[in-house]
Amino acid sequence: MDVLAQSRRRRLYEPVLVWQWPIRIFHWVFASAITVLFVTGIYITHPISNATGEAGGLSRMATVRTIHFTAAAVFTIAFFWRVAWFFLGNRYARSGFPQLWLPSWWRSFLRQAWNYLRHDYRDVHLGHNALAGLSYVIVPVLGGAFMMGTGFAMYGESNPGGFWDSLCGWIRPLLGGSFRTHTAHHLVAWFFLVFVIVHVYLVLMNGTQQKNGLISSMISGRKFRRIEDSQRTENDDGQGA
Ligand code: HEM
Ligand code: HEM
């Protein structure tokens, strides 16, 4: 047995590249865009001071709206970048995807939910677990598509018949008019806040309990797995474990 093989046998853990650079870039660009969109969006609903109509308040609102629309453009590019990487990336780029038609996905989902209810964090995953995968599809993907649709529908109102109005203008009557479109866009924004709080809590909780490099993995791309687990295909399928 050569020296390398002997030293590998002595090690308990080995690093695995889980998140490729396009996923990591996406993650931090997306997280920054959502933070800016949420804060500027709440300002648009509740401007700090414009009751007297003073000019400073109006120009501040114009600046905040410009920042909101710029972050919206970044959000949109990141969104489609990630969708493309779902198909182009490694197996972990597709991990946890809710395969609702597979009994094995449901078993994995129920086991994860039951474990979280009991504060049991021993079930270590390399990719996203089934519950995380479902939450990413519901809030960032479906919620994100809704925010882009309603956002560009509102944006199009300032230029009737223009590009954005032609592309997304039909969404306003579908939701019951302009006011209801604003209300829907506003309400769904709060789901993002709840998502971020739960997401960061679970990442920190899982990371500190499992000690598998989860927290730093969105920067380094690497997680650690026990060498004995790498022999088990179940632990290597990107679906988790
Ligand atoms: C505004 C804040 C945040 C948002 C919107 C957000 C969003 C997301 C999304 C959409 C994913 C899925 C990634 C993918 O498959 O492409 C993800 C995964 C992940 N995020 Fe965040 N994130 C935020 C903050 C953070 C922070 C502060 C940390 C680190 C401490 C973090 C660490 C991670 C990790 C480790 C994963 C992979 C977890 C897993 O295996 O399921 N995130 N995040
Ligand atoms: C990604 C594409 C998005 C676009 C194109 C977009 C566009 C817009 C537009 C045009 C408005 C109305 C501005 C006005 O009336 O002056 C608006 C308001 C708002 N946006 Fe967005 N937005 C997007 C994403 C988001 C996201 C992801 C969030 C939250 C996380 C968000 C939160 C808000 C909030 C809270 C408001 C105020 C709604 C109201 O009370 O009228 N937006 N957005």
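Biologist: Where is His119 found?

Modeller: His119 sits in the loop between helix H4 (103-117) and helix H5 (130-155). Helices are DSSP runs of H or I, at least four residues, and strands are runs of E, at least two, numbered from the N terminus. This is a predicted model: local features need pLDDT of at least 70, side-chain atom pairs count only at pLDDT 80 or more, and totals for chains, interfaces and linings use all residues. Residues are numbered from 1 along each chain as its sequence is written, while chains are lettered from A and ligands numbered from 1 in the order in which they are written.

Biologist: What makes Lys211 exposed?

Modeller: Lys211 has 12 other C-beta atoms within 10 Å, therefore it is exposed. Lys211 lies in the loop between helix H8 (178-210) and helix H9 (214-220). Its phi is positive too, near 50°.

Biologist: Why is Val196 called partly exposed?

Modeller: Val196 has 15 other C-beta atoms within 10 Å, so it is partly exposed. Val196 belongs to helix H8. Its C-alpha is separated by 9.4 Å from that of Ile34, 162 residues apart along the chain.

Biologist: How many helices and strands does the protein chain have?

Modeller: The protein chain has 9 helices and 2 strands. Of its 241 residues, 20% count as buried.
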